[in-house]
Amino acid sequence: MIVTKYVFQPHGDARGQLVALEEFKDIPFRIKRVYYMYETLEGVARGHHAHKSLQQILVCIHGCCKIRLDNGKEKKVIPLEKPYEGLYVPNAMWREMFDFSPDAVLMVLASELYDEADYIRDYEEFLEFAENCGDAAEAEGVEEK
Ligand code: TYD
């Protein structure tokens, strides 16, 4: 399983840092929705679902958290601790977000509007979907873009 982490370009100067994200340039899809999680309580894990077609980029813009990705065959845990890093989460990928620091703000850029019909919330159903979806790559590692 290949995990794609985007390393965004910070525009730093004497005043501090700034990161700009543009669709199709820094982000590989049209950004139709942005949402973020904050004040996540200690010990909480969120997510526990996959999407049929939605793609996302997760950016922990403050604090840190961990993301567990599962393509139905393999699982990987990716820490997010830098505001200039984005984790690409394709469709057909089960995800869990956990280990949030008390100050964590996890921002999600999404390719589609909120649509409950795109969610797969049952793990067995996800395994079946992932199996029929075909594997894009059997390659291994963390790819930085
Ligand atoms: P939920 O799917 O439980 O979040 P997570 O995947 O992080 O566990 O969403 C929490 C609530 O927010 C739920 O009532 C649906 C609502 N929601 C929206 O209205 N729009 C959105 O874009 C998202 C992601 C959630």
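Start by selecting His-48, which is partly exposed at a relative accessible area of 35%; that label covers everything between buried, under 20%, and exposed, over 50%, using a 1.4 Å probe and protein chains only. His-48 is found in strand E3, where strands (E, at least two residues) are DSSP runs numbered from the N terminus. Check the backbone here: phi of His-48 is near 55°, a positive value in a residue other than glycine.

A word on what you're looking at: this is a predicted model, where local features need pLDDT of at least 70 and side-chain atom pairs count only at pLDDT 80 or more, while totals for chains, interfaces and linings use all residues. Residues are numbered from 1 along each chain as its sequence is written, and side-chain values use heavy atoms, with hydrogens and water left out.

**Next stop: the ligand**

Select the ligand and show what surrounds it: Arg-33, Tyr-35, Met-37, Arg-46, Gly-47, His-49, Met-97, Tyr-114, Tyr-119 and Arg-121.

Now zoom in on the ligand's oxygen atoms. A polar side-chain atom of Arg-33 sits 2.4 Å from one oxygen atom of the ligand, and a polar side-chain atom of Arg-46 is 2.9 Å from an oxygen atom. Gly-47 comes in with a backbone N or O atom, 3.1 Å from a ligand oxygen. On its own the ligand has 540 Å² of accessible area, and the protein covers 58% of that (Shrake-Rupley method, 1.4 Å probe). Colour strand E2 (33-38) and strand E3 (46-51) too: these are the elements that give two or more residues to the shell.

**Then: the nonpolar cores**

Which residues have the most contacts inside the largest nonpolar core? Select Leu-58, Ile-67, Leu-69, Leu-80, Leu-87 and Leu-106, from a core of 18 residues. A core here is a set of buried Ala, Val, Leu, Ile, Met, Phe, Trp, Tyr and Cys residues joined through side-chain atoms within 4.5 Å. Strands E4 (56-62), E5 (65-70), E6 (75-80), E7 (85-89) and E9 (105-110) each supply at least two of its residues, and E5 gives the most, with three.

Click on Leu-80. Beyond its neighbours within four places in sequence, Leu-80 is in contact (heavy atoms within 4.5 Å) with residues including Lys-5, Leu-58, Ile-67, Leu-87 and Leu-106. There is also a second, separate core of nine residues; among them are Phe-8, Ile-57, Val-59 and Leu-109.

Go to Glu-112, in the loop between E9 and strand E10 (119-120). Glu-112 counts as partly exposed because its relative accessibility is 33%. Not counting residues up to four places away in sequence, Glu-112 touches Lys-32, Arg-33 and Leu-54.

Ser-101 is in the loop between strand E8 (94-98) and E9. Is Ser-101 buried or exposed? Ser-101 is buried, at a relative accessible area of 14%. Show the side chains of Ser-101 and Asp-103, joined by a polar contact of 2.6 Å; such a contact is a pair of N or O atoms within 3.5 Å, one able to donate a hydrogen and the other to accept it.

Finish at Ala-92, in the loop between E7 and E8. Ala-92 is buried, with a relative accessible area of 10%, and has a positive phi near 55°.

Methods
Near = heavy atom within 4 Å. Helix = DSSP H or I, 4+ residues; strand = E, 2+ residues; numbered from the N terminus.
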